Amino acid sequence: MNPYTLTLLRHGEIDHQECLAGQREITLTEAGKTIMETSWQRVTSLAPVSTMATSPLSRCREFAVRHALEASVPLKVDPRFTEFDFGLWDGEPLAELNQRHPAWKQQLCAGQINMPEGESQDVFHTRVLTGFSEWIASTRGSHRVLITHGTVITTLLAELLGMDTTVARLMTVQPGGFVQLSILEDHPAYLMHLEVPQIN
């Protein structure tokens with residue numbers, strides 16, 4: 001297998017209105033759209049895109065579909081790349097969650113809390129990695145782009161760079177930003193770019 005470049009592009013800013021944003025549909029803000037376009041210009045300037053995949057949520061999918069059509073490249077829309085399922089907590093005001101469960105973020109990261117009707121960290125981890133492995137195995141090309149969410153990106157960085165998830169979280173990809181890796185099968189991936197575009 002030849003080496004390839006993997007770009008993980010996070011969707012831009014969304015209008016979450018200070019509520020927990022999971023798998024419910026939330027639109028990008030105008031600033032979020034602009035910053036994704038800026039990132040895309042940077043991504044394509046580094047190398048032509050060969051193939052794409054995306055989360056089915058509109059904040060990722062609409063951008064991905066448009067640019068896949070413009071570039072005439074294959075696009076896979078895969079629900080396994082969607083955001084973490086927060087269950088009944090999805091859409092809850094963050095202030096109320098923080099009041100009721102002050103340590104919920106830390107407990108979630110540690111896999112020590114299960115949200116009502118939500119998914120566990122183990123289930124999330126498995127579905128993301130399975131979806132990624134199947135996508136990579138079924139596609140070809142020297143530059144593969146996945147447009148997805150911050151939690152998915154963190155999970156993939158931890159796996160591909162061989163680090164603990166808590167360490168991968170320190171490599172935060174900001175909304176609308178991207179991280180780029182060089183990958184060769186059976187070899188450790190290495191980090192090429194971690195970028196946050198600026199809106200002028």
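1. S39 lies in helix α1, which spans residues 30-46; helices are DSSP runs of H or I with at least four residues, strands are runs of E with at least two, and both are numbered from the N terminus. The model is predicted: local features need pLDDT of at least 70, side-chain atom pairs count only at pLDDT 80 or more, and totals for chains, interfaces and linings use all residues. Residues are numbered from 1 along each chain as its sequence is written, and side-chain values use heavy atoms, with hydrogens and water left out.

2. S39 counts as buried because its relative accessibility is 1%. Buried means under 20% relative accessible area, exposed over 50%, and partly exposed in between, with a 1.4 Å probe and protein chains only.

3. The side chain of S39 reaches the backbone oxygen of G176 at 2.4 Å. Leaving aside residues up to four places away in sequence, S39 touches L9, G176, G177, F178 and P197 (contact means heavy atoms within 4.5 Å).

4. Turning to backbone angles, most residues other than glycine have a negative phi. Q17, which is not a glycine, has a positive phi of about 55°. Q17 is found in the loop between β1 (4-10) and α1, and is exposed, with a relative accessible area of 61%.

5. E18 also has a positive phi, near 60°, and is a residue other than glycine. E18 is placed in the loop between β1 and α1. With a relative accessible area of 55%, E18 is exposed.

Note on methods
A polar contact is a pair of N or O atoms within 3.5 Å; within protein, one must be able to donate a hydrogen and the other to accept it, and residues adjacent in sequence count only if both atoms are side-chain atoms.
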